[in-house]
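Thanks for coming. I will go through one model this morning, chain by chain, and then take the contacts between the chains.

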Amino acid sequence: MADDNKALAQGLKRRDPDLLDQLIEQYQFRLFRYLLYLTSSRERAEDFFQETWIRVLERGHQYDGKYKFEAWLFRIARNLVIDWQRQKKMQSLDALTDPEEGAPMEFAAENQPSPLHQVLTAEAKTGVHASLDRIPTVYREVLVLRFQEELGLEEIAGVLAAPLSTVKSRLYRGLEALRGAMQGGAA
Amino acid sequence: MNENLHPRAEKLIAQEHVEGISQSERNWLAAHLRECPACAQVARQTNNALRSLRGMPIPLPRGLAERTQFRVQLRAQELREREPKRRLLWIMCAMSWALGIATAPYVWQAIEWIGQRTGAPLLVLEFGFGLWWAIPALFAAAIVVLENVRQANERDWSGR
């Protein structure tokens with residue numbers, strides 16, 4: 001595994017086009033899924049998906065192969081979304097005075113449920129989909145990274161740039177919230 | 001049954017999924033779940049929730065990978081075209097520095113001569129000499145900064 005990561009790091013440093021094509025194919029589903037849960041918007045997730053790979057191309061030399069590639073990939077994607085959120089927040093005051101500008105896209109705050117319903121169709125909005133919709137983004141994100149992407153706790157801490165204790169507490173709360181939401185949905 | 005056992009069991013149910021638990025804790029939990037229907041229900045709900053989460057389908061947009069590959073290849077080509085220019089810049093900068101080092105004594109003599117002619121203070125002469133040395137690096141840094149600003153403007157993808 002370590003040798004594979006080293007080889008990957010070398011390829012990224014060389015900006016090997018075949019390697020990048022292969023990585024895009026290989027990680028398309030997982031990256032798109034992660035971005036979808038992060039942004040709650042299919043269109044945004046598509047934009048960030050493409051931009052993430054452009055960043056991988058440009059900053060491939062920064063991947064040293066010590067950690068799993070997907071952890072590094074998710075971190076890039078997450079940073080892009082955070083940058084965009086910050087930029088949007090700064091622009092929101094302008095949007096108030098500009099009649100041409102539509103209402104700014106809102107992301108879920110730390111303790112509010114996100115508008116994941118934008119993504120899901122009415123038919124699919126049942127069971128776990130609806131339950132996830134009721135969970136705050138910060139918890140949903142760690143649940144996805146841990147139980148869908150099967151990243152280790154330290155890898156998640158790396159993606160989030162947060163201490164291990166924060167990751168654990170978010171996971172415990174997220175798990176509780178998911179169970180509660182599913183119970184509520186089933187009732 | 002001791003009421004304190006339930007919180008412990010619930011904690012272990014979550015911990016098993018998040019961090020893992022020891023064999024002795026696993027044995028204790030299994031024994032408790034056999035006797036306690038309420039905690040067994042919590043364990044079942046947790047397992048079901050995670051199973052659903054793992055198996056949740058997300059439809060991938062059609063052609064997303066192909067479109068991304070195309071964009072990445074275009075960007076890679078752009079970077080490749082820019083690479084020789086950047087290399088040339090550093091080569092020129094290095095050569096300029098090497099020449100600067102080689103000619104430093106002569107330049108200092110020239111600056112001293114100007115100083116004698118104009119009566120400029122030593123501090124000004126030293127500053128002039130330092131600036132003459134730093135010019136290639138400042139020039140290269142300015143080009144790199146301008147290049148980065150241009151790239152950032154090119155990729156202002158957040159505005160729709």
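Chain A contains 8 helices and 0 strands. Keep in mind throughout that this is a predicted model. Read from the N terminus, the order in chain A is α-α-α-α-α-α-α-α. Chain B has 5 helices, again with 0 strands, and its pattern along the sequence is α-α-α-α-α.

Next, burial. Of the 187 residues in chain A, 37% are buried. For chain B, with 160 residues, the buried part is 9%.

**Confidence in chain A**

How far does the predictor trust chain A? The mean pLDDT is 80, and 77% of the residues reach 70 or more. Helix 3, residues 42–59, has the highest confidence in chain A, at 94. The lowest is in helix 5, residues 127–133, with a mean of 72.

**The core**

Now the inside. The largest nonpolar core has 54 residues. Those with the most contacts inside this core are Leu31(A), Tyr34(A), Leu35(A), Leu73(A), Ala77(A) and Leu178(A). Which helix gives the most to this core? That is helix 2 of chain A, with 11 residues.

Once neighbours within four places in sequence are left aside, Ala77(A) is in contact with Leu31(A), Tyr34(A), Leu35(A), Phe48(A) and Thr52(A).

Staying with helix 2 of chain A, look at Tyr37(A), which is part of that helix. Is Tyr37(A) buried or exposed? Tyr37(A) counts as buried, because 22 C-beta neighbours lie inside 10 Å and the cut-off for buried is 20 or more. Beyond four places in sequence, Tyr37(A) touches Arg140(A), Glu141(A) and Val144(A). For Tyr37(A) and Glu141(A), the separation is 104 residues in sequence, while their C-alpha atoms are 6.8 Å apart in space.

**Helix 7 and some backbone angles**

In helix 7 of chain A, the buried residues are Glu155(A), Ile156(A), Gly158(A) and Val159(A). Viewed down the axis of helix 7 of chain A, the buried residues fall within an arc of 155°, so they line one face of the helix. After helix 7 of chain A comes Ala161(A), with a positive phi near 50°.

Two other residues in chain A have a positive phi. One of them is Arg15(A), which is not a glycine but has a phi of about 55°. Arg15(A) sits in the loop between helix 1 (2–14) and helix 2 (17–39) of chain A. Arg15(A) counts as partly exposed because 19 C-beta neighbours lie inside 10 Å, and buried would need 20 or more.

Glu150(A) also has a positive phi of about 55°, and is not a glycine. The loop that holds Glu150(A) runs between helix 6 (137–148) and helix 7 (153–160) of chain A. How exposed is Glu150(A), and what is the count behind that? Glu150(A) counts as exposed because 12 other C-beta atoms lie within 10 Å, and the cut-off for exposed is 12 or fewer.

**Chain B and the interface**

Helix 2 of chain B is hardly covered, with 1 buried residue among its 13.

Last, where the chains meet. The contacts involve 28 residues of chain B and 36 residues of chain A. On the chain B side, the elements giving two or more residues are helix 1 (5–18), helix 3 (37–54) and helix 4 (64–118). Helix 4 of chain B has the largest share of that side, 11 residues. By type, the chain B side divides into 15 nonpolar, 8 polar and 5 charged residues.

That is the tour; I will take questions now.

Key: Residues are numbered from 1 along each chain as its sequence is written. Chains are lettered from A and ligands numbered from 1 in the order in which they are written. This is a predicted model: local features need pLDDT of at least 70, side-chain atom pairs count only at pLDDT 80 or more; totals for chains, interfaces and linings use all residues. Helices (H or I, at least four residues) and strands (E, at least two) are DSSP runs, numbered from the N terminus. Two residues are in contact if their C-beta atoms, placed from the backbone, lie within 7 Å. Ala, Val, Leu, Ile, Met, Phe, Trp, Tyr, Cys and Pro count as nonpolar, Asp, Glu, Lys and Arg as charged, and the others, Gly among them, as polar. A nonpolar core is a set of buried Ala, Val, Leu, Ile, Met, Phe, Trp, Tyr and Cys residues joined through C-beta atoms within 7 Å. pLDDT is the predictor's confidence in each residue, from 0 to 100. The arc is that of the directions from the helix axis to the C-beta atoms.
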